[in-house]
Amino acid sequence: MSLINLLRKIKITASMQVLLLLLLLGPGTAATAEEFITLSSTTSTQNSGLFDYLLPKFKEKTGIDVHVIAVGTGQALKLAEKGDADVILVHDKDAELKFVKKGYGMERREVMYNDFVIVGPKNDPAGVRGLKDAVQSFGKIAAAQSNFVSRADDSGTHRQELRLWEEARVDVKASSGKWYKEVGAGMGATLNTAAGINAYTMSDRATWVTFRNKADLELLDEGDPKLFNQYAVILVNPSLHKNVKTEAARQFSDWLVSPETQTLIGSFQVEGQVLFHPNAGQAVTAK
Amino acid sequence: MHSLISPKMCWNATSFELPDTAVMDSKTRTDAQNPGSGILPLRLTNVGYCVCGRRLLSDINITFSPGGNTVVLGPNGAGKSLLLRLCHGLIKPTTGVIEWQDSNAGQYRQYQAMVFQRPVMLRRSVAANIEYPLRLNKVPKRERQQMLRQALETAGLMPLAGRHARILSGGEQQRVALARAWVLHPEVLFLDEPTTNLDPSATRAVEEIVMRFKAAGTKIIMTTHDLGQARRMADEVIFLHNGRVLESGPANEFFTQPRTLEGQAYLRGELLC
Amino acid sequence: MEDIYAAFATAAGLILNLDGDLLEIIGVSLQVSLFGVGIAALVALPLGGAVALLRFPGRKILIVFLNALMGLPPVVVGLVVYLLLSRSGPLGMLGLLFTVTGMVIAQCLLVTPLIAALSRQVFEDLWVEYAEQLRSLGAKPSRAVFTLLKEGKYSLLTVVLAGFGRAIAEVGSVLIVGGNIAHYTRTMTTAIALETSKGDLALALALGITLIIIASFVNALAYLTKDVLERYVV
């Protein structure tokens with residue numbers, strides 16, 4: 001009663017109401033009517049354009065819309081733990097196995113891999129160009145105390161980077177705030193920072209190739225098997241969260257590892273480069 | 001000299017509700033609505049008012065009886081506006097008692113109304129301004145139309161009914177304020193300096209309207225510092241100086257034989273301090 | 001500098017070609033912000049009026065609290081709404097996380113304190129002018145709030161527009177609660193954040209320019225409405 005009264009009192013709000021109602025009939029409502037699953041995944045798959053390339057084909061085949069929440073692997077796993085996603089596509093094997101073991105996820109299947117690359121200033125003050133040895137490169141960067149930007153966001157990339165520092169026997173925590181810059185951000189934001197201060201960083205190849213603000217940065221070191229980066233799809237365990245759409249999620253998982261989709265992934269190119277290498281059902285290339 | 005105290009201070013000094021001078025007794029509302037029943041006399045007993053230790057009114061003992069116009073006279077700062085606000089119930093006295101014959105008078109606005117020196121026009125048409133108190137008091141629609149028309153006619157506002165109140169001249173706005181205060185046919189109408197800053201023709205229009213209200217049976221209690229106006233309109237005079245009532249009585253008595261030196265000086269046009 | 005020139009060229013291109021994706025995210029942005037602010041105004045304007053006109057214990061604390069909440073970081077609002085709407089949260093069963101409705105809730109919570117705090121000041125200023133007159137005419141405080149709402153509608157419209165400005169410009173809460181899902185919950189601001197993370201600064205800035213144009217358009221529309229009402233309806 002008082003609400004209606006209030007509306008009558010202010011004519012402006014009344015006309016705004018009409019506008020609001022019109023907007024209600026706008027974009028958002030159409031999508032809710034369709035069947036959809038929520039996929040929590042990483043920024044690398046999103047930013048590279050892989051999903052824009054793959055998902056329309058999945059929808060064409062099954063009629064299922066895939067809502068992608070692109071975050072770091074750590075956050076993607078967290079969302080799934082809370083039941084806010086139906087399926088995840090991430091790249092941090094240790095964390096993934098733990099996730100499945102704890103009962104949050106099930107049916108982990110490897111889908112594809114890409115690799116990490118070490119990028120840095122063109123003049124390469126630490127001298128890592130072409131070493132093909134990630135651990136040695138990291139050691140040289142630390143020795144030269146050249147600026148290095150770390151994502152420091154608990155993502156798959158960040159965890160991989162920390163493992164490499166450990167192997168290189170560098171205590172980066174001690175140098176945090178000096179030459180080692182922890183930005184706590186996604187891959188793109190980290191690359192923007194690195195470009196801004198002309199520093200080294202480690203990126204997944206997909207994000208690096210599609211990144212548009214490279215400034216004076218160049219790809220300096222690649223090809224070390226330790227830099228290989230495996231992606232896997234995991235279903236969220238419906239026994240913990242009733243809302244999880246397991247059937248549709250499994251359809252998506254099956255579709256990802258099917259031969260046709262694997263071929264599609266292998267033929268996805270940006271600027272002439274293949275960014276993701278399908279390897280479903282094969283032995284893990286790296287480790 | 002809008003008032004001695006700012007509205008904000010007033011607000012802090014009292015609660016929002018107009019004072020119910022007593023718990024509602026057996027007298028029903030309909031009984032009181034009937035003009036014949038009478039809320040007057042209004043008695044002020046030992047009324048005093050202080051703000052922050054300053055005594056602005058003291059020892060006020062007066063009775064307002066039905067019939068006739070009462071004019072409160074006195075120099076600026078005498079406490080005239082304050083006295084009206086106290087009677088109207090906007091503020092509560094610091095000491096003393098203000099009592100209506102009918103204890104419901106303080107509660108229902110249709111018994112008594114007030115026109116301020118600078119009335120606030122609502123941002124709407126003249127008719128809507130005058131209709132506002134009718135809506136507040138939930139007057140049924142049919143009666144409302146009739147009362148609105150009557151108030152518009154009495155204040156000579158028919159031609160202006162559809163105009164926006166805020167763009168009217170000062171004299172026209174004052175007439176709207178009069179009609180708005182009178183529309184519920186109050187038994188008592190307080191007017192605080194109703195013609196300050198008005199030109200002679202607007203002043204005359206206002207005075208004529210007030211006399212029409214009087215003729216319709218409304219008791220007028222007004223302040224003015226315009227002696228000519230007081231002579232034209234007063235049946236009874238209360239002379240206020242430095243927050244005290246110095247004289248009260250029939251108007252012709254005050255104007256011909258003022259009893260106090262201050263009253264004599266005031267009538268001669270001397271400055272009182 | 002090149003990026004800035006490129007941004008203006010891109011912005012012009014996007015707008016002139018009526019880019020489909022762009023229209024879609026503009027639609028989502030407007031839908032979320034107008035709804036969020038509209039609902040917030042329905043709650044916050046009477047609240048601001050009540051705080052201004054009524055005297056109750058704890059009133060001053062509430063005013064300080066509302067003023068402080070004006071500076072609430074959107075990310076914090078987003079986080080709180082996320083935790084509420086998450087499947088594991090108390091309102092999880094509604095399934096509103098990563099939906100437009102969820103974003104509307106977040107923005108509504110974000111701008112309610114702003115509109116309430118700013119409108120309280122407007123109401124208080126009006127009350128200084130109107131208090132005696134309205135009380136004399138017999139208006140109770142609850143009624144006086146509605147009268148002042150009407151009397152101060154143009155100042156209050158400005159307050160609501162300030163709320164709209166905050167809502168349409170923020171990225172923190174819509175990113176967390178909406179998830180920046182393409183063709184579904186992507187807004188102008190989350191798209192800007194995304195393009196920045198892709199390093200496509202020109203496109204990001206172009207979207208920013210478009211956002212300003214849209215916001216100006218909404219404000220102009222409101223101003224025009226006010227103008228027309230003032231002239232013909234008053």
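Tutor: A residue counts as buried if 20 or more other C-beta atoms lie within 10 Å of its own, as exposed if 12 or fewer do, and as partly exposed in between, with C-beta atoms placed from the backbone. The model is predicted, and local features need pLDDT of at least 70 while side-chain atom pairs count only at pLDDT 80 or more, whereas totals for chains, interfaces and linings use all residues. Residues are numbered from 1 along each chain as its sequence is written, and chains are lettered from A and ligands numbered from 1 in the order in which they are written.

Student: Which residues are buried in α4(C)?
Tutor: Helices (H or I, at least four residues) and strands (E, at least two) are DSSP runs, numbered from the N terminus. Helix α4 of chain C covers residues 74-85. Its buried residues are P74(C), V77(C), G78(C), V81(C), Y82(C) and L85(C).

Student: Within what arc do the buried residues of α4(C) fall, seen down its axis?
Tutor: The arc is that of the directions from the helix axis to the C-beta atoms. The buried residues of α4(C) line one face of the helix, because they fall within an arc of 135°.

Student: Against which helices do the buried residues of α4(C) pack?
Tutor: Packing is read from contacts, where two residues are in contact if their C-beta atoms, placed from the backbone, lie within 7 Å. In chain C, the buried residues of α4(C) pack against α5 and α8 (172-178).

Student: What distance does α4 of chain C reach from its first C-alpha to its last?
Tutor: The expected span of a helix is 1.5 Å times one less than its number of residues. For the twelve residues of α4 in chain C, 16 Å is expected, and the helix comes close to this with a reach of 16 Å.

Student: Which helix gives the largest share of the side of chain C that touches chain B?
Tutor: 15 residues of chain C are in contact with 20 residues of chain B. On the chain C side, α5 (100-137) and α6 (141-151) each supply at least two residues. The largest share, nine residues, comes from α5(C).

Student: How do the residues on the side of chain C that touches chain B divide by class?
Tutor: Ala, Val, Leu, Ile, Met, Phe, Trp, Tyr, Cys and Pro count as nonpolar, Asp, Glu, Lys and Arg as charged, and the others, Gly among them, as polar. On that side of chain C, the division is seven nonpolar, three polar and five charged.

Student: Which residues touch the most other members of the largest nonpolar core?
Tutor: A nonpolar core is a set of buried Ala, Val, Leu, Ile, Met, Phe, Trp, Tyr and Cys residues joined through C-beta atoms within 7 Å. α5(C) gives the most to this core, with 22 residues. Of the 207 residues in the core, those that touch the most other members are V87(A), I88(A), A179(B) and I115(C).

Student: How far apart are the C-alpha centres of domain 1 and domain 2 of chain A?
Tutor: Domain bounds come from an automatic or database domain assignment. For chain A the assignment gives domain 1 (34-113 + 231-278) and domain 2 (115-227). Their C-alpha centres lie apart by 26 Å.

Student: Which helix supplies the largest share of the side of domain 1 of chain A that touches domain 2 of chain A?
Tutor: 18 residues of domain 1 of chain A are in contact with 14 residues of domain 2 of chain A. On the domain 1 side, α4 (43-47) and α6 (73-81) of chain A each supply at least two residues. The largest share, three residues, comes from α4(A).

Student: Is T193(A) buried or partly exposed?
Tutor: T193(A) is found in helix α11 (residues 187-197) of chain A. Leaving aside neighbours within four places in sequence, T193(A) is in contact with V149(A) and V183(A). Because 18 other C-beta atoms lie within 10 Å, T193(A) is partly exposed.

Student: Is K138(B) buried or exposed?
Tutor: K138(B) lies in the loop between α4 (126-136) and α5 (141-154) of chain B. Phi of K138(B) is near 50°, a positive value in a residue other than glycine. With 7 C-beta neighbours inside 10 Å, K138(B) counts as exposed.

Student: What percentage of the 273 residues in chain B is buried?
Tutor: Chain B has ten helices and nine strands. Of its 273 residues, the buried ones make up 42%.
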